[in-house]
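Dear colleague,

I am passing on the structure we spoke about. Please look through it first; my notes follow below.

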There are 2 protein chains.
Amino acid sequence: MTTATTSLTSSDVAACCSPLTGGVLDTTAAERLAAVFKALADPARVKLVSLIAAAEGGEACICDLTEPLGLSQPTVSHHMKLLVESGLVTREQRGKWAYYRVNPEALDRLAAAVSTQSKYIN
Amino acid sequence: MTTATTSLTSSDVAACCSPLTGGVLDTTAAERLAAVFKALADPARVKLVSLIAAAEGGEACICDLTEPLGLSQPTVSHHMKLLVESGLVTREQRGKWAYYRVNPEALDRLAAAVSTQSKYIN
């Protein structure tokens, strides 16, 4: 069973990530890990994560994010969709706007997978 | 001064990486971090890092890497070039072959930048 590198299901995100330097990764584990890295492989998405994390209450809506990025709302929405699919960011619809939060567990799992000192926390 | 996202200089790698959730990143910091993530945003490169880290003595040459990947030597060489440029892997030419090692400091700096618990270690 192969996992698409561009779209993760919730179970993939839960399973992510095997440690990068803790033994030879099989193809599925490599694809899962690469998909999460891909979500962060764009300066706009990196900046979006930092903006959301720094926002008041740790929460931001698209309306807060377009101006600091200098990008259109559809472009920001596209980047946010990729971040939500990766599991690194969560989305909650409230009325007209969607509100986003960083998922600290997902970031910490990714950090543990990258660290050469981490234990296997899959 | 803008840093290209596809090619980092050694000073960029040394400067990488500002914490993702430690405050709003400026454009240069976001580009540096995204460039390192991009180096790992491919299942073949993720697998290569895990193969090198797991190799005897923590070292592997291209000749050790083509068969487990099932890719041609030019393709593997291309992936290795991107990993070396990112600073995540080091390369040493010895006679006919180039030998590669994972750079644990670079991986640990990246892990610290991703972790929501890390201190600022730029």
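**Disulfides**

The torsion about the S-S bond of Cys61(B) and Cys63(B) is about -45 degrees, so this disulfide is left-handed. The sulfur atoms of Cys61(B) and Cys63(B) are 1.8 Å apart, where a disulfide is taken as a pair of cysteine sulfur atoms within 2.5 Å. Of its two ends, Cys61(B) is buried at 2% relative accessible area, while Cys63(B) is partly exposed at 37%. Here buried means under 20% relative accessible area, exposed means over 50%, and partly exposed lies in between, with a 1.4 Å probe and protein chains only.

Before going on, note that this is a predicted model, in which local features need pLDDT of at least 70, side-chain atom pairs count only at pLDDT 80 or more, and totals for chains, interfaces and linings use all residues. Residues are numbered from 1 along each chain as its sequence is written, chains are lettered from A and ligands numbered from 1 in the order in which they are written, and side-chain values use heavy atoms, leaving out hydrogens and water.

In chain A, Cys61(A) and Cys63(A) form a disulfide with 1.8 Å between the sulfur atoms. The torsion about its S-S bond is about -50 degrees, so the disulfide of Cys61(A) and Cys63(A) is left-handed. Cys61(A) is buried, at 2%, and Cys63(A) is partly exposed, at 37%. The count over all chains is two disulfides.

**Around Glu59(B)**

Glu59(B) lies in strand β1 of chain B, residues 59–61 (strands are DSSP runs of E, at least two residues, numbered from the N terminus). Its side chain makes a polar contact of 2.9 Å with the side chain of Arg94(B). A polar contact is a pair of N or O atoms within 3.5 Å; within protein, one must be able to donate a hydrogen and the other to accept it, and residues adjacent in sequence count only if both atoms are side-chain atoms.

The charged end of Arg94(B) also sits over the ring of Tyr99(B), 4.2 Å from the ring centre (CZ of Arg or NZ of Lys within 6 Å of the centre and within 35 degrees of the ring normal). In chain A, the charged end of Arg94(A) sits over the ring of Tyr99(A), at 4.2 Å from its centre.

**The two copies**

Regards

Technical notes: Helix = DSSP H or I, 4+ residues; strand = E, 2+ residues; numbered from the N terminus.
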